[in-house]
Amino acid sequence: MFALISAVLPRDASFDVAHYHLHNGWSALNGRLEQDLSPAEMHSFLNPVFNVAVWWLIELLPGPAVNAILGALQATAVPVLYSLARKLLRLCDVRDASQVALFCAFVGFLCVPMLATMASLRNDMYGAIAFCGALLLLIDEERQTVSLTRLFAAALIVGLAAGVKLTNVVYIPGLAVFVLAAWPGLRPRAAAVAIAASGGLAGIVLGGGWWMAKLYTEFGNPVFPMLNDLFGAPLGPAEGVSRDVRYLPDGVLEALVRPVMGAFDLALINEDTGRDLRLAAFYLGAVAILGISLAQMRSRVTVPRQVIALALACLAFTVVWVLQFSIMRYATGAFLLGPLMLVLAWKIGPFETSLSVSARPFLYGMALLMIATLGPESVRRAPWERPSEPYLTIELPAGFEAAEAGIIMAGPFPTAFTATAFDDAAWIGHGAAQPWSAPFLKNYRPLISERIDSESTELFAVICVQDTGVENEQHRSRGVTDKNTAGQTLARLAGEYPVEADESTCLPLKTSFDTDTTRWVMCPLTRSSSAGPA
């Protein structure tokens, strides 16, 4: 059913898809890493293994069919969540555990991060599903620790997710804390930690080792340009860890309340506004479970050890996510688990008895509150013209010959997806980068200037033109604007590289991502005598 719904949804043309998801798959399959100069800025160096699989589907199938397959994969979150919830609820002796679990699974699935990535080429949701799947392997309905084989498999899954996409590392502390809390006894715990570490490392190597080795060979940093303080790659940044820090809290107090405040105002953790109380439910549910567990120790009523371990794991994940990123899509797992954590807190607490309120009204009230207050993210999509239409089409302007030319993908708006139309270009680079990410390749961009100066090939810039939009101070402070002209971008480009251009010579590309207010143009460049710092 979800596959059918996804097939009729318009294609995902959001920023990250246009910026690097399509480019990275195409680039890896065509061996462009050594030939090109980071067309998608720093995101050109992200592990492309998932993007390769998606690009293969795009080349093989019509666009709606690609949507259907990705939608079916995303829908696996529901059975995983259901199975995990049923196990945990049975641990807590909940009547009608299967019905309540199904309820938690569907309410969790209908969260902003999952709705925003329906039929999407983005892949943050798969890390969240992997984390939930790992927890499913680690929960035993008989309140026993699982076998070391299952533990290894759970750690392998989370490690694999982190290897494929580095931002999934936020789930690793959660898994580690769960293992420390769930295994009693020093020796069994030490053995479990060793097995989990081995599985996690094996997963990281399996998912990302080949790409890390390639980056290390090319640049001397296996996660280039990130963590360059540690590796000191000459082309990497001189300082900083090269991650998006625009959403980090300013202090300890703000960090403590970020999951709650972010739930009510997603603009704190996302480029778009919205609201989703599942994040607050996840955080407050975990805190409540631990508080109730401590309180019930006096009455010798024991909360299942694995439920306590889960709450500790959720808090560990939250701490790392808040301090490292505080970006909504990297916490998709928290949104998925939010309803379940709240239900578990209700079921192990004294609320049903002392308030004489049954679980059913609580469940209905929770669902109504979370659904009624949902403020979904606005996702840019481009409609299909026919069922057999390819996912991506790009037509170059008549008379433009780009063979053996140098192409500059000029930002700050996404353009790198158009690189797929320039497979015969001599090289493809980037310019006028996003303000927040520009410093990360400061030492790398002189290579583009050198390439421009040392060759006599024709030069072109590809620019995204945004005709309308709503600008606000919050967006500007984060380097995001909603309007852009070719002239603005060409001026920024001339400040970086020894090039100049006349906006009147730009001609439109025709792409399947075009809308009434957004389009892409191709502008011929000429070499100039000087430019600002690259």
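Before I start, one term: buried area is the accessible area, taken with a 1.4 Å probe, that two parts lose on being put together, summed over both. I also note that this is a predicted model.

**Entry 1: the domains.** I looked up the domain assignment of the protein chain. It gives domain 1 (61-373) and domain 2 (394-527). I find their C-alpha centres 38 Å apart. In the contact I count 17 residues from domain 1 and eleven residues from domain 2.

**Entry 2: the interface.** How much area is buried between domain 1 and domain 2? I read about 1200 Å², and carbon and sulfur atoms give 58% of this. On the side of domain 1, Leu235, Arg246 and Glu271 lose the most area to domain 2. Together they make up 45% of what that side buries.

I then searched for polar links. One residue pair is in polar contact between the two domains, with both residues at pLDDT 80 or more. I sorted the residues of domain 1 that touch domain 2: ten are nonpolar, three polar and four charged.

**Entry 3: the aromatic rings.** I get a count of 19 aromatic pairs. I picked Phe45 and Phe224. Their ring centres are 5.0 Å apart and their planes stand at 80 degrees, so I log the pair as edge-to-face; the cut-off for that is over 60.

Where do Phe45 and Phe224 lie? Phe45 is in the loop between helix H2 (15-29) and helix H3 (49-60). Phe224 is in the loop between helix H11 (186-219) and helix H12 (228-231), so the pair ties together parts that are 179 residues apart in sequence.

Methods
Residues are numbered from 1 along each chain as its sequence is written. This is a predicted model: local features need pLDDT of at least 70, side-chain atom pairs count only at pLDDT 80 or more; totals for chains, interfaces and linings use all residues. Side-chain values use heavy atoms; hydrogens and water are left out. Domain bounds come from an automatic or database domain assignment. Contact means heavy atoms within 4.5 Å. A polar contact is a pair of N or O atoms within 3.5 Å; within protein, one must be able to donate a hydrogen and the other to accept it, and residues adjacent in sequence count only if both atoms are side-chain atoms. Ala, Val, Leu, Ile, Met, Phe, Trp, Tyr, Cys and Pro count as nonpolar, Asp, Glu, Lys and Arg as charged, and the others, Gly among them, as polar. Rings of Phe, Tyr and Trp (its six-membered ring) pair if their centres lie within 6.5 Å; planes under 30 degrees apart count as stacked, over 60 as edge-to-face and the rest as tilted. Helices (H or I, at least four residues) and strands (E, at least two) are DSSP runs, numbered from the N terminus.
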